[in-house]
Amino acid sequence: MNKQRQGKELRLANSRKRVKCACKPALQELIEFTNTIPPTFQLKNLTDLYERKLFLSKPGSPEWIDFYKGQDEVFRTYLKTLPQEFQELMHATTIKQIEEFNGWLRSMPSASENAEVENQYWLKRIEIHKKLVDIYERFKWIRENLYKLAEVGENLEEHVGKQLDVALGVLFVEYAYLDDNGRIRRQPDKYTETLEGIEISRLRTCVVCKKLFWANRKDKKCCSEMHSALIRQRQSRESKREKREVYSKFAKRKKRGREITANGTGSKGHKGD
Ligand SMILES: [Zn+2]
């Protein structure tokens with residue numbers, strides 16, 4: 001009961017507010033990254049993609065390298081099936097590593113002539129592969145969480161004051177972290193910091209295209225001006241249709257009324273006599 005009232009008050013306060021609230025730049029980045037994948041698109045679990053799932057072999061051994069070579073190929077093939085914009089953002093996250101890798105490659109005589117160089121070549125490539133996979137997994141997880149949060153924001157009353165079914169950190173165990181001054185801190189986590197304190201009901205999905213967006217104004221229902229215009233158009237068409245229906249009903253009633261009155265006048269024609 002108390003919670004219900006709390007929720008109602010919150011909603012009331014919010015409806016009064018048309019105050020603009022800007023999105024945190026880091027969150028805006030996450031939203032834009034998320035929106036490179038269409039809202040209804042299911043991203044695959046990488047474990048479903050790979051044929052050999054578990055591999056216990058000494059890191060750096062020839063079998064180990066072979067295994068990751070295979071996984072890298074499967075992953076890259078899958079990545080190519082995803083939207084271009086997403087692919088570009090994914091590759092951008094490893095650009096520094098790739099530049100270093102290319103620099104190293106140029107400094108080498110010839111990769112094919114030397115087994116040791118060949119080995120190092122693959123170790124470096126696998127490192128980049130692992131980073132890409134890590135980013136893919138994090139992206140997938142964050143995307144799911146943001147959609148969950150937007151859903152929570154739509155049903156605020158149910159959740160106010162409660163623990164949400166949304167994890168903030170990827171790690172289950174939080175290790176102590178020592179800062180530059182030798183003080184114990186929580187592990188810095190960019191994602192947690194990004195979400196901490198945000199007003200959940202401003203994180204929404206567009207009523208037209210279902211993409212995520214941040215409502216800097218409380219009454220925003222769409223991701224863009226174009227989609228807002230579409231909704232306004234739809235609403236105005238709807239209200240015109242309703243008006244037409246009401247008018248035609250009214251006109252019919254009026255006509256019938258006239259007919260009755262006309263008949264009535266006919267029968268009561270001698271009223272004035
Ligand atoms: Zn939209």
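Two residues are taken to be in contact if their C-beta atoms, placed from the backbone, lie within 7 Å. By that criterion, residues 24 or more positions apart account for 65% of the contacts in the protein chain that have a separation of 6 or more. The model is a predicted one, in which local features need pLDDT of at least 70 and side-chain atom pairs count only at pLDDT 80 or more, while totals for chains, interfaces and linings use all residues. Residues are numbered from 1 along each chain as its sequence is written.

**Overall organisation**

- The protein chain holds ten helices and four strands, where helices (H or I, at least four residues) and strands (E, at least two) are DSSP runs numbered from the N terminus.
- Along the sequence, these elements follow the pattern α-α-α-α-α-α-α-α-β-β-α-β-β-α.
- Of the 273 residues, 7% count as buried, a residue being buried if 20 or more other C-beta atoms lie within 10 Å of its own, exposed if 12 or fewer, and partly exposed in between.

**Nonpolar core**

- A nonpolar core is a set of buried Ala, Val, Leu, Ile, Met, Phe, Trp, Tyr and Cys residues joined through C-beta atoms within 7 Å, and the largest one consists of ten residues, namely L30, F33, Y136, F139, L146, L203, L212, F213, C222 and C223.
- At least two residues of this core are supplied by each of α2 (25–34), α7 (115–154) and β4 (212–214), and α7 gives the largest share, three residues.
- Leaving aside residues up to four places away in sequence, C223 touches C206, C209, K211 and F213.

**Packing of α4 against α7**

- Helix α4 (residues 62–79) packs on α7 at an angle of about 45°, with the axes 10 Å apart; axes are lines fitted to C-alpha atoms, for helices over the stretch in contact, and angles run from 0 to 180 degrees between N-to-C directions.
- The two helices are therefore oblique to each other, given that angles under 35 degrees count as roughly parallel, over 145 as roughly antiparallel, 65 to 115 as roughly perpendicular and the rest as oblique.
- I65, Y68, K69, Q71, D72 and F75 of α4 make the contact with W122, R125, I126, H129, L132 and V133 of α7.
- These contact residues divide into seven nonpolar, two polar and three charged, with Ala, Val, Leu, Ile, Met, Phe, Trp, Tyr, Cys and Pro counted as nonpolar, Asp, Glu, Lys and Arg as charged, and the others, Gly among them, as polar.

**Packing of α6 against α7**

- Helix α6 (residues 95–107) packs on α7 at an angle of about 175°, with the axes 10 Å apart, which makes α6 roughly antiparallel to α7.
- Q97, I98, F101 and W104 of α6 meet K124, E127, I128 and K131 of α7, and the residues of this contact divide into four nonpolar, one polar and three charged.

**Individual residues**

- A92 lies in helix α5 (residues 84–92) and counts as exposed because it has 11 C-beta neighbours inside 10 Å; A92 and L132 are 40 residues apart in sequence and 9.9 Å apart in space, C-alpha to C-alpha.
- Y147 lies in helix α7 and is partly exposed, with 17 other C-beta atoms within 10 Å; Y147 and L212 are 65 residues apart in sequence and 7.4 Å apart in space, C-alpha to C-alpha.
- K210 sits in the loop between β3 (203–205) and β4, has a phi near 70°, a positive value in a residue other than glycine, and counts as partly exposed, with 14 C-beta neighbours inside 10 Å.
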